[in-house]
Amino acid sequence: MGEMDKRTNLTGLSQAELVEFIQQSGEPTYRARQIFGALHHRRLRSFEEITELPKALRERLNETTTASTLTIESRYVSEDGTRRFLMKTHDNLPVETVFIPEERRDTICFSSQSGCPLQCTFCLTAQLGLLRSLSPGEIVEQIIIALNDVYGVGEKPPRGTNLVGMGAGEPFLNFDSLMKALGIMADPQGLFIVPHRVTVSTAGVVPRIRELATIPQRPNLAISLAAPTDDLRDELMPINKKWPLEELLGACKEFELTLKAGERFTFEYVMLDGINDSDEHARQLANLLNRHDLHARVNLIPHNPADPLPYQPSSTSRVERFKSILESKGVRTFVRRPRGRDIFAACGQLAARREPNTIQVSSQSIVA
Ligand code: SF4
């Protein structure tokens, strides 16, 4: 802490901001381009490694700025190849990131906050409370760290990278930093991960859904629903008391009307055994979406059990039955396969756990 807090994290600046910063410090503009490329394209994490910069400049940068702030505390590898990174910020707060390999693409699930202020009852992160929102640099660094760990520093990933903002935190309560980080990552001279490769999930922060509807360069949107009625949603996701379903789905419709070709909009529905997974819930959900004339598809996500959460996942046959009811009412429905459950990397399981597993012990888990 202390001195480190005041240094500017250059990884959190856009290329244009970096140019301005470098010019103000009396250096030629091409240095800014060199630094941006080194940090974001070559994914270097310290000025010492940017050897094309004169030594004196590197030393000067080190005094007032920093190239990276997050450090890996531990890393867990699941038997399905998923990796969970537990990192910490310069002020010692946990940040979690999950790398999920898939046949054709990789997905990196990043966090937008350390902890989370929302109190979703099915989510382990909620139990941390909000520690603080992450800076744009801290969001970008998570992706750099994950790619370097999996492929080696600066190595080009063999597959494309998708990002999902579904880790710890409510991204729309850190909207400006999130959008800035996405802008930095979209730069063709940097990571070059464009917004349509990114999906951000919100628990329903209505004003930001409306704002996103007005932004042309934006990520795909997912809304976490978890319940088809206000009574049940108030209980499972207390944010519903602030923005109840009518208001939320009204904003969703506004957003849906602005969708352009290639943009994706989805609803996420966590399936909790005996809580929100009855035939009646399925009918209520279909009616709710149809009444608001929403065409977005629904992703059913079997809950990921984690002590001390009081829920179990719905059975496979229950999930299938729920799906068929939705489909019979014209709602496109998919079932999402859980990944990395054995290392607490799955949805709703991020809570800075240091042990790889206390539920399904995996002999192949590696703790590095
Ligand atoms: S589900 Fe998301 S929004 Fe809800 S408490 Fe967990 S991290 Fe926060």
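Colleague: Which helix and which strand each supply at least two residues of the lining of the second largest pocket?

Modeller: Please bear in mind that this is a predicted model. As a general idea, rolling a probe the size of a water molecule over the atoms shows where empty space is left. In the present case, the elements that each supply at least two residues of the lining of the second largest pocket are α3 (29-41) and β9 (160-165). The second largest pocket has a volume of about 350 Å³. Its lining consists of 18 residues, and those closest to the centre are Lys156, Pro157, Leu191, Phe192 and Ile193. Sorted by class, this lining comprises seven nonpolar, six polar and five charged residues.

Colleague: How many cavities of 30 Å³ or more are there, and which residues lie closest to the centre of the largest cavity?

Modeller: The count comes to one cavity of 30 Å³ or more. The space in the largest cavity is about 50 Å³. Of its 10 lining residues, Pro94, Val95, Glu96, Gly115 and Ala168 are the closest to the centre. Two or more residues of this lining come from each of β5 (94-101) and β7 (113-115). The lining of the largest cavity divides into five nonpolar residues, four polar and one charged.

Colleague: Let us turn to the ligand. Which residues surround the ligand?

Modeller: Cys116, Leu118, Cys120, Cys123, Thr125, Ala126 and Gly169 surround the ligand. By class, this shell holds five nonpolar residues, two polar and no charged.

Colleague: Where is Gly169 placed, and is Gly169 buried or exposed?

Modeller: Gly169 lies in the loop between β9 and α6 (175-186). The relative accessible area of Gly169 is 15%, so Gly169 is buried. Between Gly169 and Ser114 there are 6.5 Å in space, C-alpha to C-alpha, although the two are 55 residues apart in sequence.

Colleague: How is a pair of aromatic rings read, and what is the geometry of the pair formed by Phe172 and Phe175?

Modeller: A pair of aromatic rings is described by the distance of the centres and the angle of the planes. The structure contains five aromatic pairs. Phe172 and Phe175 form an edge-to-face pair, with 5.4 Å centre to centre and 80° between the planes. Phe172 counts as buried because its relative accessibility is 2%. Phe175 is likewise buried, its relative accessible area being 6%. Elsewhere, one aromatic cluster is formed by Phe255, Phe265 and Phe267.

Colleague: Which charged end sits over the ring of Phe175, and which over the ring of Phe334?

Modeller: Over the ring of Phe175 sits the charged end of Arg208, 5.9 Å from the ring centre. Over the ring of Phe334 sits the charged end of Arg297, 3.8 Å from the ring centre.

Notes: Residues are numbered from 1 along each chain as its sequence is written. This is a predicted model: local features need pLDDT of at least 70, side-chain atom pairs count only at pLDDT 80 or more; totals for chains, interfaces and linings use all residues. Side-chain values use heavy atoms; hydrogens and water are left out. On a 1 Å grid over the protein atoms alone, a cavity is a set of points where a 1.4 Å probe fits but cannot get out, and a pocket is an open set with protein on both sides within 12 Å along at least five of seven lines; lining residues have an atom within 4 Å of a point. Grid points are joined across faces, edges and corners, and a volume is the space filled by probe spheres set on the points. Helices (H or I, at least four residues) and strands (E, at least two) are DSSP runs, numbered from the N terminus. Ala, Val, Leu, Ile, Met, Phe, Trp, Tyr, Cys and Pro count as nonpolar, Asp, Glu, Lys and Arg as charged, and the others, Gly among them, as polar. Rings of Phe, Tyr and Trp (its six-membered ring) pair if their centres lie within 6.5 Å; planes under 30 degrees apart count as stacked, over 60 as edge-to-face and the rest as tilted. Buried means under 20% relative accessible area, exposed over 50%, partly exposed in between (1.4 Å probe, protein chains only). A charge sits over a ring if NZ of Lys or CZ of Arg is within 6 Å of the ring centre and within 35 degrees of the ring normal. A residue is near a molecule or strand if one of its heavy atoms lies within 4 Å of it.
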